[in-house]
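Hello,

Here is the structure I promised to pass on. Please have a look at it first, and then read on for my notes.

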Amino acid sequence: MSAPTTERTSTAAPAPSRTRPFRSLAVAMVKGFVRDRMALFWAVIFPLMFLFLLGGLLGDTSVPRSDVIQVGAVPLLDDADPATQAAIDDTLDIEHSDDRDAAIAEVRSGDADAAVTMNGDSLVLWYSAADQVTAGVVQGTFNSIVQSANAAASGQPPTYTLAPEQVEDESLSPIQFFTPSLLGWAIAMGATFGAAANLVLWRRNGLLRRLRLSPVPTYAVVGARVVTALMLAGIQMVMFLVPAVAFMGLELTGWWWMSVPLLAAATLAFLALGLLVGSFSKTEEGATGAANFIILPMAFLSGSFFPLDGAPAWIVALSHVLPLKWVNEGMLDVMVRGEGPSAIVGPILALLAFAAVVGALATRLFRWEKA
């Protein structure tokens, strides 16, 4: 009699899903990205900040109003027909004056966009080439006014003509106006990045601690850092001006050398800013990122890359409290506009005050060793 046979059913484990490793890796990578605050900041927060920044700067597509000084009687403006008068009110802010030389001086210094006078049947328009966008808008506006006045006398030869007059030397090229702003931006970058990165590096490798325990006085360490920053600023200035003069047609005014004390004050201001950034940063990458986060938007808001004529009023007001704006305007005055020493007194005082306040704050947050 044979023994009964029993059937064994196979209970083999199901084959693993091919998508499971991919899904697990993808979830792990997403979690890692979200938990990495620096990666999240540079990938999301920083670009989003520029969206709002450029949206504010370029979001208003309307034609900006121009500040114009009317010298004496200008029939084309005083006796304009209703349609032309409405267009003038929409595009021009007109101030009246009887002093032509003073009006031209205001245009040259950037306090006004243009000045207009009448010389017979010729409308003389004094403008500055320091801002070529504004100059083009002003000339286009007054060209339309002249054409409207001539069109009103239909069937008659043109009565009025437009005579544009540049308040600066007409041989000046765009390099005249790019150099001061880009040099100011370079000074800000060099002083801020250098101070922030060095401070974090010295703290991380223990050099600050050794300096603190050494007989070297603190003022000697600070003095060496200041002298180094000033030397770097001097080198940057030479590297900008020499090739610009030799190969790019840059023509410096008689007061160009007044930019030296201005750049010295700017170096102190941005050196203090770099020390502040280095005081709370824990890594060199963090210090570099924080410095970039401050300086790059400041360059946009200070007119280093393009003018702020079409920007909203609140952005223009904000630019006046930024140290880089004072540097740009001061150097433009002495390098291009031919202004004397009085033009940089205000910017230098503002930069030194900024350096004192920010330097005091950096001192309060300063740490000799890693936390």
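Ser66 itself has its place in strand β1, where strands (E, at least two residues) and helices (H or I, at least four) are DSSP runs numbered from the N terminus. Before going further, please note that this is a predicted model, in which local features need pLDDT of at least 70 and side-chain atom pairs count only at pLDDT 80 or more, while totals for chains, interfaces and linings use all residues. Residues are numbered from 1 along each chain as its sequence is written, and side-chain values use heavy atoms, with hydrogens and water left out.

Ser66 is buried, at a relative accessible area of 3% (buried is under 20%, exposed over 50%, partly exposed in between, with a 1.4 Å probe and protein chains only). Beyond its neighbours within four places in sequence, Ser66 is in contact with Thr91, Leu92, Asp93, Asp113, Val137 and Val138; contact means heavy atoms within 4.5 Å.

Now the sheet. Strand β1 (residues 66-71) runs parallel to β2, and 6 bridges join them; two strands pair if DSSP finds at least two bridges between them. Helix α4 (residues 82-91) packs on the sheet and touches β1 and β2, its direction making about 95° with that of β2 (axes are lines fitted to C-alpha atoms, for helices over the stretch in contact, and angles run from 0 to 180 degrees between N-to-C directions). The whole is an open sheet of 5 strands in the order β2-β1-β3-β4-β5, with mixed pairing. At its edges are β2 (92-97) and β5 (161-166), each pairing on one side only.

In strand β3 (residues 114-119) you will find Thr117. Thr117 is buried, with a relative accessible area of 10%, and its contacts outside the four places on either side in sequence include Val71, Arg100 and Trp126.

Finally, a pocket. The second largest pocket is lined by 20 residues, and Leu199, Val222, Arg225, Leu275 and Phe366 lie nearest its centre. (On a 1 Å grid over the protein atoms alone, a pocket is an open set of points with protein on both sides within 12 Å along at least five of seven lines; lining residues have an atom within 4 Å of a point.) The largest share of this lining, 5 residues, comes from α9.

Happy to hear what you think.

Best wishes

Definitions and conventions: 1 Å grid on protein atoms, 1.4 Å probe; cavity = no way out; pocket = protein on both sides within 12 Å on 5 of 7 lines; lining within 4 Å.
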